[in-house]
Amino acid sequence: MEFKTVRGVEDVIPPKSEKFEKIAETFKEKVKVYGFKEVILPVFEEAGLFLRSVGETTDIVQKEMYVFEDRGGRKIALRPEGTASAVRAYIQHGIYVKEPFTKWFYIGPMFRYERPQAGRNRQFFQAGCEVFGLSSPGADAEVILLASEILKALDVKFTLEINSIGCERCRPNYRRALIEYLSSKKESLCKDCQSRLERNPLRVLDCKNESCREVVREVPLITDYLCNECREHFERLKVLLKELDVPFVHNPFIVRGLDYYTKTVFEFKSENLGAQSTVLAGGRYDNLIKELGGGDVPALGFAMGIDRIMLLLPDEEKERKGLFVVTGGEKAYLEGLKLVKTLRDKGFYAEIDHRQGSFKSQFKLANKLNVKYVVIIGDEELEGGFYSLKCFETGKQERIESVAELLARL
Ligand SMILES: [Zn+2]
Ligand SMILES: [Zn+2]
């Protein structure tokens, strides 16, 4: 065949698309009762938006972003994540002067040029939430609670890890201490980390390289460098999570790969994917809106990886559903068409064989479609003015006098 999907891109076809739908529906159901409203944002933006928000020195921007020039000579990027666009829209539409606080959610494809592997595609899907305008730790607790409720509703087993990475006041001190320590061990760091050392030393903390991990074991911890405000925020968050019965562990090495985070960061990890892997992550980003030209508005959010969660969901036993109308002859076919229309109007899944094949072939098809019932319209039924209803599970056949009776039986 001449054309296939591009490397790292996947078609989501049935039955896998049913898992996608289940995840999206469960997510929407949960976020709506927490007061979130949907935003539908563009999949491409000016590349500069991501340089300014995600950060010029991050792997995402330096190595993974799809960037191209459009026909008008603009530098465009396919969005590598959702928060930057949400913040851009929030500022552009002046929401921060209209609403005391704002809760938005989105679902859609993101794009990163990464090495493809199970659950990691170059086009991948995220469902995310953003809260704008709330600085109190209660908002952090609520967002983390919501995330855990979504994963629970999807039956995903997880552990929650939280950390605080401080603010623009306390992080520079930590950064200095970190650079100082890492510089003393420079020869033990991998090449990536050696070059990260000055630009983005926090990233060394979650390097997967064995010898880097060895170095990190003795590293100074951010939690020892937090200013009073950040420490109090983190302590209060822990208290609230305990009150809300959300189990967590404090992992001082979580830093997240994006520059915009402040104070709280968190990751939900699942064991089921062989190696431990993050299925949902987020944090607070109190300076991003100001940095992108909006007001001084605190914010936080998370994004959930739909592709990875699809791998975690079990294949469901297919339940028999709906009804197939088996017809014999032209008159019965026309009768059947009308019956199928009536049933569909009432919201029932109904199917008919337009090829008007033999009874036997229609029954075979009905079985293949996994329907629960078959309605038979043959000569006998036409003459007597009734339907025969057969249940696939019990094999029982009964006489039904009218559409109303049929609807009642279903
Ligand atoms: Zn601080
Ligand atoms: Zn490294």
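Me: Hi! Before we dig in, what kind of model is this, and how are residues numbered?
Reply: It is a predicted model, where local features need pLDDT of at least 70 and side-chain atom pairs count only at pLDDT 80 or more, while totals for chains, interfaces and linings use all residues. Residues are numbered from 1 along each chain as its sequence is written, chains are lettered from A and ligands numbered from 1 in the order in which they are written, and side-chain values use heavy atoms, with hydrogens and water left out.

Me: Great. How many aromatic pairs are there?
Reply: The count comes to 12 aromatic pairs. The rule takes rings of Phe, Tyr and Trp (its six-membered ring) with centres within 6.5 Å; planes under 30 degrees apart count as stacked, over 60 as edge-to-face and the rest as tilted. One of the pairs is Tyr-90 with Trp-104, which is edge-to-face at 6.1 Å centre to centre and 80 degrees between the planes.

Me: Where do Tyr-90 and Trp-104 sit in the chain?
Reply: Tyr-90 is in helix H4 (residues 83-92) and Trp-104 in strand E5 (residues 102-111), so this pair links distant parts of the chain, 14 residues apart. Helices (H or I, at least four residues) and strands (E, at least two) are DSSP runs, numbered from the N terminus.

Me: Are those two buried or exposed?
Reply: Tyr-90 is buried, at 1% relative accessible area, and Trp-104 is buried too, at 11%. The cut-offs are under 20% relative accessible area for buried, over 50% for exposed, and partly exposed in between (1.4 Å probe, protein chains only).

Me: Which other ring does Trp-104 pair with?
Reply: Trp-104 also forms an edge-to-face pair with Phe-132, at 5.7 Å centre to centre and 90 degrees between the planes. Phe-132 belongs to strand E6 (residues 123-132), and the two partners are 28 residues apart. Phe-132 is buried, with a relative accessible area of 0%.

Me: Which residues make up the aromatic cluster there?
Reply: Tyr-90, Tyr-96, Trp-104 and Phe-132 form one aromatic cluster.

Me: What about charges over rings, which arginines do that?
Reply: Arg-122 lies over the face of Tyr-113, at 3.8 Å from the ring centre, and Arg-399 lies over the face of Phe-386, at 3.9 Å. The test asks for NZ of Lys or CZ of Arg within 6 Å of the ring centre and within 35 degrees of the ring normal.

Me: Switching to salt bridges, how many?
Reply: There are 29 salt bridges, each being a side-chain nitrogen of Lys or Arg within 4 Å of a carboxyl oxygen of Asp or Glu. Among them is Lys-318 with Glu-18, whose closest N and O atoms are 3.4 Å apart. Lys-318 lies in the loop between helix H12 (306-312) and strand E12 (323-327) and Glu-18 in helix H1 (residues 16-33), so the pair ties together parts that are 300 residues apart in sequence.

Me: How accessible are Lys-318 and Glu-18?
Reply: Lys-318 is partly exposed, at 48% relative accessible area, and Glu-18 is partly exposed at 39%.

Me: Which residues are joined into a network?
Reply: Salt bridges that share partners join Asp-59, Lys-63, Asp-192, Arg-196, Arg-203 and Asp-206 into one network. Within that group, Asp-206 and Arg-203 have closest N and O atoms 3.6 Å apart; Asp-206 is partly exposed at 24%, and Arg-203 is buried at 15%.

Me: Last one: what are the domains?
Reply: The domain assignment gives domain 1 (16-170 + 226-312) and domain 2 (323-409), with bounds that come from an automatic or database assignment. Their C-alpha centres lie 49 Å apart.
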